[in-house]
Amino acid sequence: MHHKEKLSNESAIEDHTYAVFPNDLNSHNTLFGGILMGLCDRVAAVVAARHAGCICVTACVDSMHFLEPVRKGDLLVIKASVNRTFRTSMEIGVCVMAEDIKAEAHHHVVSAYFTFVALNDHGVPQEVPTLIIETQAQRRRYEEAAERRERRQKRAAQRRLRHEQHKLVDS
Ligand SMILES: CC(C)(COP(=O)(O)OP(=O)(O)OC[C@H]1O[C@@H](n2cnc3c(N)ncnc32)[C@H](O)[C@@H]1OP(=O)(O)O)[C@@H](O)C(=O)NCCC(=O)NCCS
């Protein structure tokens, strides 16, 4: 079977918007981080599923750092696209901006990298279409994604080892 190829803009999401309401806040009256994490995961999941053409599950999320608070009434604007495909997995990059409508100001809230794995109807990982690179910016993201994958794989290997050690101690 001919292996499919796809462009980034076939699955990219440019400006998913979300209005921050009172039920999204923490006790400090700023946006609760978990809401943001969930939103990013949902948007990234749509990008992954559109690219792969099947159900995709989150395998891993790289660290997320929240540098500035988001306030009630702010609008979140989320961009997400496939940075690189591997065999059955792909890295989705997500960028979140917050807009203060009254002040007509906006700031960067967080960038995050999600790894999704495409699953077939039996829940087994299946190959995803290769990403076609068209622009310089896409090329840069593509190359950086390889470095992040290497770091992730090292950490995943350490984690698996610790998991096995715990199982031995528990048994
Ligand atoms: C993701 C999952 C399907 C991978 O299963 P697995 O048995 O490790 O499968 P494989 O070894 O065949 O790996 C499949 C792909 O997942 C990738 N992968 C596995 N663990 C990973 C991790 N921790 N981080 C990043 N990628 C990972 C592999 O690199 C491989 O990608 P590739 O084919 O592009 O190289 C499995 O761990 C799973 O079902 N996890 C739960 C997912 C879930 O429910 N997520 C929702 C949040 S609770």
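1. Strand S3 gives the most to the shell around the ligand: four residues. Strands here are DSSP runs of E, at least two residues long, numbered from the N terminus. This is a predicted model, where local features need pLDDT of at least 70, side-chain atom pairs count only at pLDDT 80 or more, and totals for chains, interfaces and linings use all residues. Residues are numbered from 1 along each chain as its sequence is written, and side-chain values use heavy atoms, with hydrogens and water left out.

2. Two strands, S3 (56-61) and S6 (105-118), each supply at least two residues of the shell. The residues around the ligand include Thr58, Arg87, Ser89, Thr115 and Arg149. A residue counts as near when one of its heavy atoms lies within 4 Å of the molecule.

3. Look next at the polar contacts (pairs of N or O atoms within 3.5 Å). Thr58 places a backbone N or O atom 2.9 Å from a ligand nitrogen. Arg87 has a backbone N or O atom 2.8 Å from a ligand oxygen. Ser89 uses a polar side-chain atom, 2.7 Å from a ligand oxygen. On its own, the ligand has 930 Å² of accessible area, and the protein covers 48% of that. Such areas come from the Shrake-Rupley method with a 1.4 Å probe.

4. Now Lys6, in strand S1 (residues 5-7). Is Lys6 buried or exposed? Lys6 is buried, meaning under 20% relative accessible area (1.4 Å probe, protein chains only). Lys6 has no salt bridge, which would need its side-chain nitrogen within 4 Å of a carboxyl oxygen of Asp or Glu. The nearest side chain of opposite charge, Glu10, is 5.2 Å away; Lys counts as positive and Glu as negative.

Key
Buried means under 20% relative accessible area, exposed over 50%, partly exposed in between (1.4 Å probe, protein chains only). A polar contact is a pair of N or O atoms within 3.5 Å; within protein, one must be able to donate a hydrogen and the other to accept it, and residues adjacent in sequence count only if both atoms are side-chain atoms.
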